[in-house]
Each structure stands twice: as structure tokens, then as C-alpha cells.
Amino acid sequence: MRPPAVVPDHSSSIHTGYFSRNTAFVAAACAFVFVFAAAGTPIPLYNTYRLEDGLTNSDLALVSVAYFIAAATSLLIGGRLSNFVGRRPVALAALMSAALGCLILSTLHSVTPMLIGRVLQGLACGITSSSLGAYVVDTGEGKPRWLTAAITGSAPMLGIPVGALTSGVLVEWGPEPRLLAYGLIALILLGLAVIIALSPETVARRPGSLASLRPHMQIPRGSGQLVVAAGAAAVATWSLGGFYQAFGPSVTSEHLGTTSPLVTAAIFSSVMGLNPLGGPLSARFSPVVSVRLGMGLFIVAVTSIMFNLWAGWILPFIGSSLVIGIAQGLASTGAIRALLDSAGIEERTGLLASLYFISYSGSAIPGMVASSLAGHFDLFMIALGYTLLGIIAALVAMATIKDSPTKL
């Protein structure tokens, strides 16, 4: 068992805040969700952009790749920054970037503002995954371990469908479909930024912020095999999520027979919608069992998805996608529980950044390949490639997961 990290006592220099740590915990968790909700907001409008503004499947895939690369880059470069400047300033930067991305996307009539807006949202999601995730863990001390693990592991997969479904409803029935959803999410983000600005800081400012920007992957000693297992599980599920984000609207219109923004949002959201159920379910099992059970469910569900896509059956397709969300929640929460057991307070941001870097890379790299192939292969063949990648990664996760080092 490794000794806990020794943190210098700078408590006198830590901002105590106007709100309590419990309020900070709730605000940080909500901010984590709504930064990703901003990332899900454009999805129901993709078919509108294709029909009215001439964007192609390759354009949409390229924009999705840019989003994932921006997120991965911000994790790799700035994943540890909040250890030096504090959690709150970095969290506020993420919220501002997400809100600005929404405002730019509300002006979209060509691929350029879409690219800029999605890059800003990607940067925000990357920063959020490490710094806001660490702030959730810091302010959640004393709460059930599965709860903080579920939030840090499942908030992205809850937030993205929340944004997509909210946008789908407003695009379907609300006024100003290109503006209203973006404006609403931006206002929520700004409100949460005010609360976090008045919340207590959990890390004292100290020298070294510039050095922290050096690209770095932080893995606690003895946790390498755990990171392989957690990363493989992330690649399996996040790559499929990347497919739904880039090609979901096109699959909906070309293979499942509808262009409704709300149905498009529901289909896109289905692959993530039940992810939060996996957190509480994982509390019933050890991390090893959670990961193996989650990945086993994933393999069954993704095989069913491909059959239903081939047959053009929309309801069974949605049902199989919902199972993916439960599988991902089980696997990600179990893996993060095991990893957090092995990490000290100053290792949390780096560890979460490393894990999410793997996750975003698992979406970005297949997305780059798929965007280059979109003009040569139909969507079913591209979906088949994603399925094979997911099954292989799931098998790797099942084979390599083990108990955390603190339990050996």
C-alpha cells in the first residue's frame, strides 16, 4: 500500500468562499453536467445544417474530430493546472469557454463558426474533465465513494443527452430554433459560474503553473494495469459515442427513416441516457465485477445495435442503445473507483486528465479515420468498423481489470 501524498498546509491562503462545501459540491457537479450539455446542444440541428447550409457528412465528422482533439489537447496540456492556480479559476475558464462556444454556434450558417464553436466546447470539456472533476472529488469528501466516482465518470454521458434532448424539444416546438437552446444553456453556465466563483477553494495557489502546462500523463505508481483496463473500457464506449455524435443524425435520416430533431436527439441520447444508472448499480459490486459486467453488456448491446441498424428497426435500435448507457456507467464507475483508491489529492487532476485523454483520443482517432472514409463507404460499413473496435477494446478491459493497488 502506497503512502498518501503529503500536501503542504497553505490553508490560510485558501479562499473560504461565501457558499458551503456542500453547495460547492452540488454546483461543481451541475457545472460538470452542463458543460457537456452545451456540447450536446448542436446535435439535433445537424440535419438542419446539412439541408439549409450545405454541410456534408464529412464536414460534420471533421468538426466532431476537432471537438475531440481540442478536449484531448486541453487535458494533456492543462490537466494539472488547477493544482497550482486553484480549482475555481480553471473551472470558471471552462464555463466561460463553453458559454462562448454556444454563442458562436448560435450564429452558424457555414462550417467555420461551427468549427470554432465546437473547438471552444471541446476545450471546455477537456478542462472540466480534469479540474471540475477534481473539484467534485475534493468537495465530496465524506460522501459515498461511488457517488463521486459516478459523477466524475458519468457526468459527460448525462450532460450530452440533457443538452441534446433540451435542444431537440426547443428546435421541434420552440421559436428561434437556431438560437433558443444555445442561449438557455449559456445562461445556465453563467449562473453556475457565479456560484462557483463564490464557493470555497480546495487547493492553495502555489508556484509552478507554467511548468504544469508541459504535456504530461500522470499515473499513480502501481496503477498501470488499472489505467489500461479503464482506458480500454473508455475507448469501447467513447468511440461508439463519437460515432453517434458525428453520424447519428445521418443514420437517423438515411437508415431509420426520420429527420425529426426530437427523434434525432432521442436516438443520439439513447446511447448515453441511462449511464447514470450504472453508478448506483456498481456500488453493489466490486470494481472488477463492475467493469466485466459492464463490458459484457456492451458487447451484447452493440451487436444488437448493428442488427437493428441493418434491419431498420428504430425502437429496438433505441432499446439496445439504452443498454450501452448502463454498461458504460457500470464500467466507468467501477474503473474510476479503483483508480481513485490509488491516488493522492495532488494526483487526482492528473489521473482524471490521463483517463479522459485516453477517452477523447478513443473518439478522435476513429473519427479521423471515419471522416476520411465517409465519402467512400456507406454509414453501415462505418458503423461496423466502430463495432469491431468497441468489441476488441471491451475484451481488453475485461481481461486486464484487477483490484486497486491499495487492496493488494
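Trainee: Which residues form one aromatic cluster?

Mentor: Phe243, Tyr244, Phe247, Phe317 and Tyr386 form that cluster. A word on the model before we go on. It is predicted, so local features need pLDDT of at least 70 and side-chain atom pairs count only at pLDDT 80 or more, while totals for chains, interfaces and linings use all residues. Residues are numbered from 1 along each chain as its sequence is written, and side-chain values use heavy atoms, with hydrogens and water left out.

Trainee: Okay, how many aromatic pairs does the structure hold?

Mentor: There are 8 aromatic pairs. Rings of Phe, Tyr and Trp (its six-membered ring) pair if their centres lie within 6.5 Å; planes under 30 degrees apart count as stacked, over 60 as edge-to-face and the rest as tilted.

Trainee: Why is the pair of Phe243 and Tyr244 called edge-to-face?

Mentor: Because their planes are at 80 degrees, with the ring centres 6.1 Å apart. Phe307 and Trp313 also form an edge-to-face pair, at 5.5 Å centre to centre and 75 degrees between the planes.

Trainee: And are Phe243 and Phe307 buried or exposed, or in between?

Mentor: Buried means under 20% relative accessible area, exposed over 50%, and partly exposed in between (1.4 Å probe, protein chains only). Phe243 has 5% relative accessibility, so Phe243 is buried. Tyr244 is buried as well, at 2%. Phe307 is partly exposed at 43%, and Trp313 is partly exposed at 45%.

Trainee: New topic: which residue lies over the face of Tyr67?

Mentor: That's Arg118, at 4.5 Å from the ring centre. A charge sits over a ring if NZ of Lys or CZ of Arg is within 6 Å of the ring centre and within 35 degrees of the ring normal.

Trainee: What about salt bridges, how many are there?

Mentor: The count comes to 4 salt bridges, each being a side-chain nitrogen of Lys or Arg within 4 Å of a carboxyl oxygen of Asp or Glu. In one of them, Glu52 pairs with Arg178, and the closest N and O atoms are 3.0 Å apart. Glu52 is in helix α2 (residues 46-53) and Arg178 in the loop between α7 and α8, so this pair links parts of the chain 126 residues apart. Helices (H or I, at least four residues) and strands (E, at least two) are DSSP runs, numbered from the N terminus.

Trainee: Which residues are linked with Arg178 in a network of salt bridges?

Mentor: Glu52 and Asp53 are linked with Arg178 in that network. The side chains of Asp53 and Arg178 meet at 2.8 Å, N to O. Glu52 is exposed at 57%, whereas Asp53 and Arg178 are both buried.

Trainee: Where do Arg88 and Glu201 lie?

Mentor: Arg88 lies in helix α5 (residues 87-105) and Glu201 in the loop between α8 and α9 (209-212). Their side chains meet in a salt bridge of 3.7 Å, N to O. Arg88 is buried at 14%, and Glu201 is buried at 8%.

Trainee: How many disulfides are there?

Mentor: The count is 0 disulfides, where a disulfide is a pair of cysteine sulfur atoms within 2.5 Å. Cys125 is in no disulfide, and the nearest cysteine sulfur, that of Cys102, is 9.9 Å away. Cys125 is buried, with 0% relative accessibility.

Trainee: What is the phi of Glu176?

Mentor: It is positive, about 45 degrees, although Glu176 is not a glycine. Most residues other than glycine have a negative phi. Glu176 is found in the loop between α7 (145-173) and α8 (180-197), and at 53% it counts as exposed.

Trainee: Last one: which residues form the nonpolar patch on the surface?

Mentor: Ile365, Val369, Leu373, Phe377, Met381, Leu384 and Leu388 form it, with about 610 Å² of accessible area together. The elements giving two or more residues to this patch are α15 (348-373) and α16 (379-400). Patches are made of residues with over 30% relative accessible area and no salt bridge; like charges are joined within 9 Å, nonpolar side chains (Val, Leu, Ile, Met, Phe, Trp, Tyr) within 5 Å. Accessible areas come from the Shrake-Rupley method with a 1.4 Å probe, and for residues only the protein chains shown count as cover.
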